[in-house]
Amino acid sequence: MATAPKGAASKGKAGKAKTKPASRSGSAKTGANAAELLGYYRDMLLIRRFEERAGQMYGMGLIGGFCHLYIGQEAVVVGMQAAIDARDAVVTSYRDHGHMLACGMDPKGVMAELTGRSGGYSKGKGGSMHMFSKEKNFYGGHGIVGAQVPIGTGLAFAAKYKNTGGVSLTYLGDGAVNQGQVNEAFNMAELWDLPVIYVIENNRYGMGTSVARASAAKELYRLGEPYGMPGEQVDGMDVLAVNAAAAKAVKHCRDGNGPYVLEMLTYRYRGHSMSDPAKYRTKEEVADMRDNHDPIANLSKVIVESGSKTEADLKEMDKEVRAIVVEAAEFAQESPEPNASELYTDVLVEV
Amino acid sequence: MPINILMPALSPTMTEGNLAKWHKNEGDAVSAGDVIAEIETDKATMEVEAVDEGVLGKIVISEGSEHVKVNAVIGVLLEEGENTGDIGDAAPAAAPEPAAETTVEEAAPAAAVSAPAAKPVTAEKEFTGPTTSTTVRDALRDAMAEEMRADENVFLMGEEVGQYQGAYKVSEGLLDEFGEMRVIDTPITEHGFTGLSVGAAFAGLKPIVEFMTFNFAMQAMDHLINSAAKTNYMSGGQMGCPAVFRGPNGAAARVGAQHSQCYASWYAHVPGLYVLAPYTAADAKGLLKSAIRDPNPVIFLENEMLYGQSFDVPDDDDWTVPIGKAKVVREGSDVTLTAFSIMVGHALAAAEELSKEGIEAEVIDLRTLRPLDTETIVNSVKKTNRIVSVEEGWPVAGMGSEIAAIMMEEAFDWLDAPLKRVCAVDVPLPYAANLEKLALPQLADVVAAAKAVCYAD
């Protein structure tokens, strides 16, 4: 391996063959089979139902503080996750419940962390924004906008250092792209050919400020261009398009070609957090996305039209998913609060 | 069983609101995610979405109602196969208690839990074998080289650590021995490479990050505090950060205010970090080795003026100095002088001056600033009954302030005089040679403070 920076003499970037410059891709369809389609559907549905329940529990006062829901963006994480394997690491911001479920973390442990109980992934000490699973290679849940980007780049650095063949999926929102540290990370990733995919989830608004009002660069998939990083814009409401782009980006990284940018055009139906009155966008805009671009509804049409499943079958699946979520919600309320003695544990790793 | 639809809270502080509008009528079918109502507070209007599927069986609270309590039943949803006959008396009492109230009640027992006793620190081994006179610079390099030989997951990154051989030559020769994969020159982007090193540490590597000076680490403060120090706690103990962040700290010579600051108390404030600031070459080596081996993030504060000073260092690759243990470097009976890093030299020189006047000072090299070795300081004060804290940083909320507080809490009855602090004066460090000298603690300041607490002026 060679994590080391390459001197100008050893490598002229200008001469380096890149797979492809930044581009927009249409809704490239994968040749996903019926079982895969159904898997995507179920995974997206689990996130949707989980988040709806979380929103309800927040409203009941069972979840405190901040709670950022992922409803509307499910296709992004499900499409990406389907393209990676157990070697690969995932890190994201505070809108993280969907990523954790997609990584295979137990809905019970996630929901119990939201309620601040001992059965939560962080024993109740992290909350909605701070959950981790070493077992599932999920590295958080980070609350400072953009901070997960150098961290994700470090996960890629470790993969290259240890020669694991692993790739780091580093998610960030459109609101994070102009953070200085994001650009610092892009520079090092390309300089050292690190296997990291920067998945920009462009849901159009960083809290209440639209991309148009916050970013001089509007085509976020091109943000890696100054560093020589290929990028692609993807319909993030279409799980198949996401998966096709993900597969390509993962291959690019695994082949040792360095980092990749994917801009996912997506949308969050709910506010930035639970207490967002959403005055910065129109109801018509939200309704149009829900009614005409919903990733779950659209995939259900594809599945039913293909004839592999009926609407009744999908409804049955919805019931199963709902039961999992209800079970998680019950666990999250029954699990006891952390023991008071936990206040002082885990500050340091005990030797 | 019919499902009660409850008045939701928009935020943890909301207790009541207005039910502005129903978007569904009794008898309407409802799917999960459908907007069924709108509620408003003085701050915002929010849509209420259905979480379950069914038919809106009954509207309990009509639209336009004001001051509706959070968690009151506002409607009832019928599931498949149910009808309005299944609706009993909608019982707002069945709604769960708002979480806010229980939190207040339960806060008391949690607060009553006392902090665990400090973990006993492994006693320092008395080294009796052969030693070699070594500079602090070489001792630091040897520590890194030995640990890199012993553990291939240890690597060094920072500005100019490789081809340039270190801005202060601390990493001299490491690139030649360990190669480009383990001695990595970074771009001048402290925020980015510090975050990168934290990610690498989460994934099991053991980074040593060199800051050209700790002044530049302010660019990386967010990752040092929010990412490195807090993640183990926030993850319930799953994700430690075995990284060492090291480099020169404090004033050098005539480099001006932005390059001359002591960050000791900044980092010592933060749970989840170890903060080390050695004086001798032996401690620099022994503590850096302990820091690299430790699974926690360590802030390792060096001093440019000390790099070229030589001290005897044990000839033993396995010799380490425990984190968390101060050292009495001169015994005395009349006054205790605490110091760290370059100020230990001042304290020792002051002790010699004081001795000529019949005052025997006990000098403690703190070495570790977090966790502070309170026991060693208190034991010394029990003997001397007087104490002076010496540091190069500013006085306000400095290490001396912390030691003063410890004296109040743990040694009040043993004190014969109030503690005195010797610090930098409370201004940005000036460039002019005469002003710089006036701003930084001098030998005479330490002597004067010691005599003052001994009432020997």
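Modeller: I begin with Gly17(B), which is found in strand β2 of chain B, residues 16-22. The model is a predicted one. Gly17(B) counts as buried because 24 other C-beta atoms lie within 10 Å, and the cut-off for a buried residue is 20 or more. Leaving aside residues up to four places away in sequence, Gly17(B) touches Ile39(B), Glu40(B), Thr41(B) and Val68(B).

Other strands of chain B pair as follows. Strand β3 (residues 29-30) and strand β6 (residues 54-59) run antiparallel and are joined by two bridges, with Ala29(B) opposite Val55(B). β6(B) also pairs with strand β8 (residues 73-78), again in the antiparallel sense, over four bridges. In that pairing Ile59(B) stands opposite Gly75(B).

On the scale of the chain, the division is into domain 1 (3-107), domain 2 (132-314) and domain 3 (327-453) of chain B. Taken over C-alpha atoms, the centres of domain 1 and domain 2 of chain B are separated by 55 Å.

Further along chain B there is an open sheet of five strands, in the order β17-β19-β18-β21-β22, with mixed pairing. Its edge strands, β17 (327-330) and β22 of chain B, each pair on one side only. Direction ignored, neighbouring strands of this sheet are turned by 25° against each other on average.

Within the sheet, β19(B) has five of its five residues buried, so the strand is largely enclosed by the rest of the structure. Ala361(B), Val363(B) and Asp365(B) point one way, while Glu362(B) and Ile364(B) point the other way. On one pairing, β17(B) and β19(B) run antiparallel and are joined by three bridges; here Arg330(B) has Val363(B) as its bridge partner. With β18(B), β19(B) runs parallel, joined by five bridges, and Leu337(B) stands opposite Val363(B). β21(B) and β22(B) are also parallel, paired over three bridges, with Val388(B) opposite Lys420(B).

Helix α13 of chain B, residues 443-453, has Val446(B), Val447(B), Ala449(B), Ala450(B) and Val453(B) buried. Down the axis of α13(B) these residues fall within an arc of 165°, so they line one face of the helix. An α-helix has 3.6 residues a turn, so residues three or four places apart point the same way. The cover over the buried residues of α13(B) includes β18 (335-339), α9 (343-356), β19 (361-365), β21 (387-390) and β22 (420-422) of chain B. After the helix comes Tyr455(B), with a positive phi near 50°.

Last, the partner chain. Contact between the chains involves 61 residues of chain B and 56 residues of chain A. Elements of chain B that each supply at least two residues to the side touching chain A include β5 (45-49), α1 (99-112), β11 (183-185), α4 (190-202), α5 (221-229) and α6 (231-234). The most comes from α4(B), with ten residues. By type, the residues on this side of chain B are 34 nonpolar, 22 polar and five charged.

How values were computed. Residues numbered from 1 in each chain as written. Chains lettered and ligands numbered in written order. Predicted model: local features only at pLDDT ≥ 70, side-chain atom pairs only at ≥ 80, totals over all residues. Buried ≥ 20, exposed ≤ 12 C-beta atoms within 10 Å, placed from the backbone. Arc of directions from axis to C-beta. Contact = placed C-beta atoms within 7 Å. Pairing = 2+ DSSP bridges. Axes fitted to C-alpha atoms, helices over the stretch in contact; angles between N-to-C directions. Nonpolar A, V, L, I, M, F, W, Y, C, P; charged D, E, K, R; others polar. Domains from an automatic or database assignment.
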